Amino acid sequence: MGMSEFYGTADEGEAIATIHRAIELGVTFLDTADMYGPFTNERLVGRAIADRRDQVVLATKFGNERNEDGSWVGINGSPEYVHKACDASLERLGVDHIDLYYQHRVDLDTPIEETVGAMKELVEAGKVRHLGLSEAGANTIRRANAVHPITALQSEYSLWTRDPETTVLSALRELGVGLVPFSPLGRGFLTGSLAGADFAGKDFRAILPRFQGEARDANEAIAAKVADVARRRGVSAAQIALAWVHQQATRLEVPVVPIPGTKRISYLEQNVAALDLELTDEDLAELDPLGDQVVGARY
């Protein structure tokens, strides 16, 4: 997402080089959405993987409908739109199938059975391999799974966003659905690199409650604690935050595959190195309580 919109400016050449480096390092899961840009990120990813499609598991999303000029239309889960959006994504990505296709947000005006029914038709047509939902509730996941198996739920999950543990975890375990945490680094906040940062221009963090005023000041204590653990372990704060998410797969008893976003090779390499970091009981005892100390809503 950040390679095309929402997190300030980005360089397309550097973005493609970062994707290529990720594949070199063994990263196989790439996540995009039609709304990022809008539309430009799918084209970017398509260019980046044009000569290496068989090396990646490609995920994209539909449902947050936008116009070409960037204006918002709304959330759309109608069956007709599902087919239209998928065909458009396939064309932009330059591929003949999508490995994991998500409904980006649940359309409250369209029964989930109708939306997933249309997504099932995409699987039957060979355009999509697996289905996912994003930010859906437990009951919605169960209803969707009754129409067609749901492979993954993408939701925000990190040291400072623990909501899925109490809202959807039981459904994920019951149905064998994997969790794909977005913003596992707290939109960069948990890395400790945002102290004093001015979220001006096109950076949407400027309007998020956790990043504003007194809430931001209070949340600095969370970033400081992550940094303390990082110093003790001799690694970066980002690696600590990511290692915590990785280890949740064992602790929660569900598959957990985070998607840390970055626009730069240097940060990418740090993120990948977190796979080799195992947190101790002492580390976890310091990190686990941080989710209860957050000030401010997600949106």
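User: Hi! Where does Q239 lie?

Analyst: Hello! Q239 lies in helix α9, residues 237-252. Helices here are DSSP runs of H or I with at least four residues, strands are runs of E with at least two, and both are numbered from the N terminus. Keep in mind that this is a predicted model, where local features need pLDDT of at least 70, side-chain atom pairs count only at pLDDT 80 or more, and totals for chains, interfaces and linings use all residues. Residues are numbered from 1 along each chain as its sequence is written, and side-chain values use heavy atoms, with hydrogens and water left out.

User: Good to know. Is Q239 buried or exposed?

Analyst: Q239 is buried, because its relative accessible area is 12%. Buried means under 20% relative accessible area, exposed means over 50%, and partly exposed is in between, using a 1.4 Å probe and protein chains only.

User: And which residues is Q239 in contact with?

Analyst: Setting aside neighbours within four places in sequence, Q239 is in contact with Q270, A273, A274 and L277. Contact means heavy atoms within 4.5 Å.

User: Let's switch to the sheet. What is the order of its strands?

Analyst: The order is β1-β2-β5-β6-β7-β8, in an open sheet of six strands with parallel pairing. Two strands pair if DSSP finds at least two bridges between them. The edge strands are β1 (29-31) and β8 (178-182), each of which pairs on one side only. On average, neighbouring strands of this sheet are turned by 30° against each other, direction ignored.

User: What holds strands together in a sheet, in general?

Analyst: Strands of a sheet pair through backbone hydrogen bonds, either parallel or antiparallel.

User: How many bridges are there between β6 and β7?

Analyst: Four: β6 (residues 128-134) and β7 (residues 150-156) pair in the parallel sense. For instance, L133 has L153 in β7 as its bridge partner. Helix α5 (residues 138-147) packs on the sheet there, touching β6 and β7, and its direction makes about 155° with that of β7. For such angles, axes are lines fitted to C-alpha atoms, for helices over the stretch in contact, and values run from 0 to 180 degrees between N-to-C directions.

User: What about β7 and β8, how many bridges there?

Analyst: Five, and they pair in the parallel sense too. One partner of this kind is G178 in β8, which is bridged to A152.

User: Which residues is Q154 in contact with?

Analyst: Q154 lies in strand β7 and is buried, because its relative accessibility is 2%. Beyond neighbours within four places in sequence, its contacts include D31, Y102, L133, V180 and I259.

User: New topic: how many cavities of 30 Å³ or more does the structure hold?

Analyst: One. The largest cavity has a volume of about 50 Å³. On a 1 Å grid over the protein atoms alone, a cavity is a set of points where a 1.4 Å probe fits but cannot get out, and lining residues have an atom within 4 Å of a point. Grid points are joined across faces, edges and corners, and a volume is the space filled by probe spheres set on the points.

User: Which residues line the largest cavity?

Analyst: The lining is made up of E156, W160, G186, R187, L208, R210, F211, A297 and R298. They divide into four nonpolar, one polar and four charged.

User: What is phi of S183 near?

Analyst: It is near 50°, a positive value in a residue other than glycine. S183 sits in the loop between β8 and α8 (213-233). E253 also has a positive phi, near 65°, and lies in the loop between α9 and α10 (265-273).

User: Is E253 buried or exposed?

Analyst: E253 is exposed, because its relative accessible area is 61%. S183, at 12% relative accessibility, counts as buried.

Conventions:
1 Å grid on protein atoms, 1.4 Å probe; cavity = no way out; pocket = protein on both sides within 12 Å on 5 of 7 lines; lining within 4 Å. Nonpolar A, V, L, I, M, F, W, Y, C, P; charged D, E, K, R; others polar.
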